[in-house]
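Hi,

Here is the structure I promised to pass on to you. Have a look at it first, and my notes on what turned up follow below.

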Amino acid sequence: MFSEQTLWDVVVVGAGPAGSTAARVAAEGGASVLLVDRARFPRYKTCGGGLIGISLEHIPPSVLETVERRASAVRFSLRGGAVRSLRAGRQLLALVQRERFDAALVAAAVAAGVTFADGLTVRSLAEVEAEAEGGEVVIATDRGDIRARTVIGADGTSGRCGRYVGVVAGGIDLALELEIRRPSERRQVDATRFDDRVFLDWGESPGSYAWMFPKDDVLTVGVIQAKGSPDATRRYLREWVEGLGLQHEEELRSSGHLTQWRTPDSPLRRGSVIVAGDAAGLLDPWTREGISYALRSGSWAGEAAARASSHADESGRAAALDSYVARVDTELAADISAGLRLLRIFEKHPGVVHFFLAFSGVGGRLFVSVCTGAKTLSGIVRTRAMRTALALLRL
């Protein structure tokens with residue numbers, strides 16, 4: 001598959017949405033690219049699998065074939081009560097199973113010329129001087145060493161690349177999720193209510209919420225809240241499943257994972273290693289939506305790495321990689337900051353947030369605009385309605 005003597009222009013660690021996108025874009029830019037992942041593909045990934053409009057703009061047409069459902073309605077509830085439904089009249093979310101979605105992204109990367117090696121564990125990274133080209137990164141793995149001019153780390157919140165670069169978490173949450181078989185017509189459950197809508201519930205713990213995303217054969221049901229109270233998180237999931245009337249349906253899979261967002265000054269680069277997606281802590285702190293951040297940062301990282309590979313001198317390569325850092329800081333940092341402000345409001349005033357989204361026309365329209373990609377979170381915070389709300393709540 002690869003030789004220890006080969007010097008790759010770009011090695012991407014982690015084949016999720018950020019990594020496979022980075023690999024594809026770098027290869028399309030003319031770089032020689034190796035994409036590696038410790039899992040065997042296709043592999044399951046804990047994730048609701050909801051794609052907002054911005055995400056759909058950053059995936060190849062072939063990957064769109066993995067969309068299983070398109071939700072045009074949402075049902076809000078507050079701690080299991082105060083239910084309110086909103087029908088948008090247009091698509092809010094495209095819903096995918098991450099196993100198929102991620103595999104399709106990898107296939108698109110391979111089609112662009114990327115070499116893919118799965119089932120490979122990265123043990124360490126080290127930057128060394130080599131020849132006159134400013135050095136290289138040596139990646140020690142369980143299959144031998146890999147050499148690269150540039151490394152893109154996209155190996156998740158607990159991966160080695162984030163630790164190597166020194167990513168600092170601004171907050172960490174625990175998400176628990178079940179894949180539940182869709183109720184059959186024989187069950188005493190109105191299965192049609194799950195067809196084209198997502199369910200969202202605001203929980204008791206500050207900042208917590210639950211979701212139900214429908215797919216073709218399963219319902220993805222999960223909860224998320226701040227790390228540190230796993231028993232409470234498990235209880236919330238159990239109560240949420242019961243509230244949906246799904247406690248007697250077949251559970252096909254149970255899983256969990258940690259999410260994190262970066263601090264404003266958290267590094268994105270160390271030498272010839274840059275990080276993207278979850279590995280960089282790029283996600284919305286309020287909704288914990290990360291796929292759109294992964295796809296965008298992965299694309300930009302791939303572009304920067306391809307440009308870096310075209311420079312023989314160290315300064316040119318450094319400037320190319322710095323352009324990636326600058327773009328994230330310019331285009332994503334404001335949304336992460338806005339998401340954190342919204343999270344703080346939500347933590348202190350969940351009832352106000354629920355009323356605003358579910359019962360006020362303004363809130364509903366803003367929710368739809370974010371889902372469709374018409375507005376970003378930073379754009380939402382700048383609207384007159386949100387500026388007024390922030391002033392009244394002194395946030």
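A word on burial before anything else: I call a residue buried when its relative accessible area is under 20%, exposed when it is over 50%, and partly exposed in between, using a 1.4 Å probe and protein chains only. By that cut-off R288 is buried, because its relative accessible area is 10%.

Please keep in mind that this is a predicted model, in which local features need pLDDT of at least 70 and side-chain atom pairs count only at pLDDT 80 or more, while totals for chains, interfaces and linings use all residues. Residues are numbered from 1 along each chain as its sequence is written, and side-chain values use heavy atoms, with hydrogens and water left out.

Back to R288, which sits in the loop between β18 (273-275) and α6. Helices (H or I, at least four residues) and strands (E, at least two) are DSSP runs, numbered from the N terminus. The phi of R288 is near 65 degrees, a positive value in a residue other than glycine. R79 also has a positive phi without being glycine, near 50 degrees, and is placed in the loop between β5 (73-78) and β6 (81-87). One more backbone feature to look at is the cis peptide bond joining F41 and P42, with omega about -5 degrees. P42 belongs to the loop between β2 (33-36) and β3 (50-51).

Now for the helix pairs. Axes here are lines fitted to C-alpha atoms, for helices over the stretch in contact, and angles run from 0 to 180 degrees between N-to-C directions. Angles under 35 degrees count as roughly parallel, over 145 as roughly antiparallel, 65 to 115 as roughly perpendicular and the rest as oblique.

The axes of α6 (residues 291-309) and α7 (residues 314-331) come within 7 Å and cross at roughly 160 degrees, so the two helices are roughly antiparallel. Contact (heavy atoms within 4.5 Å) involves S297, W300, A301, E303, A304, A305, R307 and A308 of α6, and R317, A320, L321, S323, Y324, R327, V328 and E331 of α7. These residues divide into nine nonpolar, two polar and five charged; Ala, Val, Leu, Ile, Met, Phe, Trp, Tyr, Cys and Pro count as nonpolar, Asp, Glu, Lys and Arg as charged, and the others, Gly among them, as polar.

For α9 (residues 350-359) and α10 (residues 361-372), the axes come within 5 Å and cross at roughly 80 degrees, which means that α9 is roughly perpendicular to α10. F356, L357 and F359 of α9 meet G361, V362, G363, G364, L366 and F367 of α10. That contact has six nonpolar residues, three polar and no charged.

How many disulfides are there? The count comes to zero, taking a disulfide as a pair of cysteine sulfur atoms within 2.5 Å. For C371, the nearest cysteine sulfur is that of C47, 14 Å away. C371 is buried, at 8% relative accessible area, and C161 is buried too, at 0%.

Finally, two loop residues. A154 lies between β11 (144-153) and α4 (160-165) and is buried, at 12%. Beyond its neighbours within four places in sequence, A154 contacts V13, G14, A18, G19, A276 and A279. R382, in the loop between α11 (377-381) and α12 (384-393), is exposed, at 55%.
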